[in-house]
Amino acid sequence: MSIGNNMKVKSIKVFGKGEVGLEETSFAVTADETLVRVTRGGICGSDIHYYQHGGIGDFSLCHPMTLGHEVIGRIHQSGQTVAVNPSKACGKCFYCESGNSNQCVNMEFFGSAMRNPHVDGGFSEYLSVSKQQLVPYDDTISDDVMAFSEPLSVAIHAINQAGGVLGKRVLVTGCGPIGCLIIAACQAAGASEIIGTDLSERCRDIALEMGADKVYSPLESLPTEYTADKGYFDVSFEASAAVQAFHGCIDMTRAKGALVLVGMRPGMVDFPLTKCLAKEINIRGTFRFVSEFETAVRWLEKGKVNPLPLLTRVFPFTQIIDALKLAEDKTSAMKVQLSFERRDEKFI
Ligand SMILES: [Zn+2]
Ligand SMILES: [Zn+2]
């Protein structure tokens with residue numbers, strides 16, 4: 001492939017419900033942007049949603065879109081390894097100016113159909129991205145690890161939304177990839193005790209590897225001290241999107257504690273208003289991340305968080321359907337990654 005203004009690049013596109021495949025398109029680098037050769041990408045729940053449903057929540061695909069927002073690569077010119085921040089905020093709106101660019105009203109987020117035309121994602125051999133989206137890292141750290149930068153930044157933002165966890169008792173309901181990364185990040189951030197719950201024994205085992213002190217199935221009875229005296233945990237993270245888990249969090253969070261809503265569930269949930277009000281529980285949402293992206297890159301680079309227990313398998317990007325089929329199988333997959341390395345092609 002020649003790198004010029006009319007290069008052909010293969011990308012992973014979603015065309016509609018159940019329709020995902022490779023497409024080769026011509027590609028040009030925008031004048032003020034940087035050319036990045038993608039090396040690795042993690043498949044996220046939202047990518048799976050677009051594949052399964054042709055949309056996510058209220059947003060349906062209006063035209064084909066490149067998937068993916070958890071990507072790393074190398075700057076084409078220098079070979080520098082970089083994590084690619086999938087958020088491109090406008091920098092001018094009220095939210096950007098007040099330091100909350102994750103709420104930017106003009107946000108262009110990789111692989112998202114929230115805006116129309118949709119913003120293409122990062123599952124592509126090459127990307128043209130603005131410099132501010134690139135966070136360089138030490139190239140001795142493996143792709144396996146660094147491709148967790150984006151989901152780890154989501155976990156660290158959730159902790160910041162809780163007001164920190166240093167010295168606190170933490171409950172995490174739902175030990176999927178994000179729940180487990182919250183567990184690991186809470187340990188790195190100095191939580192005094194971390195308890196996880198999940199229906200799946202496999203997820204509970206991984207949660208222990210990721211730093212949970214104890215794990216429980218929500219089907220067994222949890223220690224009565226968790227609900228005695230108005231609750232036990234200073235901070236709860238609800239990452240399962242199960243209604244019962246939400247209720248459990250309200251019961252087990254101490255009066256005046258914080259409950260961060262991480263798991264997404266469309267529609268209404270019956271809400272224990274009286275308990276929340278009387279216990280003065282601080283319920284907080286969390287959405288994507290701001291400066292936590294850089295923090296996540298540094299934590300992975302320094303080994304503060306080891307995400308590898310979560311990595312189920314790496315597929316060549318050309319086997320995208322096999323990769324999605326494994327990723328959507330919650331009984332055997334946590335995080336599935338795609339490798340974009342072209343071994344037949346010399347670098348630079
Ligand atoms: Zn993601
Ligand atoms: Zn903005």
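Glu 70 sits out of the solvent in this predicted model, buried at a relative accessible area of 2% (buried means under 20%, exposed over 50% and partly exposed in between, with a 1.4 Å probe and protein chains only). His 69 is buried too, at 5%. Both residues hold the zinc ion (ligand 1): His 69 through NE2 and Glu 70 through OE, together with SG of Cys 44, at 2.1 to 2.4 Å. Along the chain these donors are spaced as C-x24-H-E. Donors here are N, O and S atoms within 2.8 Å of the metal (3.2 Å for Na, K and Ca), and water is not among the atoms, so sites may look incomplete.

Some bookkeeping on the model: residues are numbered from 1 along each chain as its sequence is written, while chains are lettered from A and ligands numbered from 1 in the order in which they are written. Local features need pLDDT of at least 70 and side-chain atom pairs count only at pLDDT 80 or more, whereas totals for chains, interfaces and linings use all residues; side-chain values rest on heavy atoms, with hydrogens and water left out.

Next comes the second largest pocket, which holds about 460 Å³ of space. Of its 22 lining residues, Phe 27, Asp 120, Gly 121, Leu 127 and Ser 128 are the closest to the centre. A pocket, on a 1 Å grid over the protein atoms alone, is an open set of points where a 1.4 Å probe fits, with protein on both sides within 12 Å along at least five of seven lines, and lining residues have an atom within 4 Å of a point. Grid points are joined across faces, edges and corners, and the volume is the space filled by probe spheres set on the points. Strands E1 (7-16), E2 (19-27) and E11 (126-129) each supply at least two residues of this lining, and E11 gives the most, with 4. Helices (H or I, at least four residues) and strands (E, at least two) are DSSP runs numbered from the N terminus. By type, the lining splits into 7 nonpolar, 10 polar and 5 charged residues; Ala, Val, Leu, Ile, Met, Phe, Trp, Tyr, Cys and Pro count as nonpolar, Asp, Glu, Lys and Arg as charged, and the others, Gly among them, as polar.

Asn 102, in the loop between helix H2 (94-97) and strand E10 (108-109), is buried at 7% relative accessibility. Its side chain makes a polar contact with that of His 157 at 3.4 Å (a pair of N or O atoms within 3.5 Å; within protein, one must be able to donate a hydrogen and the other to accept it, and residues adjacent in sequence count only if both atoms are side-chain atoms). Beyond four places in sequence, Asn 102 also touches Met 107, Phe 287, Phe 289 and Val 290, among others, contact meaning heavy atoms within 4.5 Å. Arg 204 belongs to helix H6 (residues 201-209) and is buried at 15%. The Arg 204 side chain reaches the backbone oxygen of Leu 199 at 3.2 Å.

Glu 238, in strand E16 (residues 233-238), is buried at 4%, and its side chain pairs with the side chain of Ser 240 in a polar contact of 2.5 Å. Glu 238 also touches Ala 245, Phe 246 and Cys 249, among others.

Helix H9 (residues 292-301) has 7 of its 10 residues buried, so it is largely enclosed by the rest of the structure. Trp 299 and Leu 300 are among those buried residues, and helices H4 (149-161) and H5 (177-188) are among the elements covering them. After H9 comes Gly 303, with a positive phi near 75°.

Most residues other than glycine have a negative phi, and most peptide bonds are trans. Lys 230, however, has a positive phi near 70° and is exposed at 55%. Arg 288, in the loop between E18 and H9, has a positive phi near 50°, yet is buried at 15%. The peptide bond from Asn 116 to Pro 117 is cis, with omega near 0°, and Pro 117 lies in the loop between E10 and E11.
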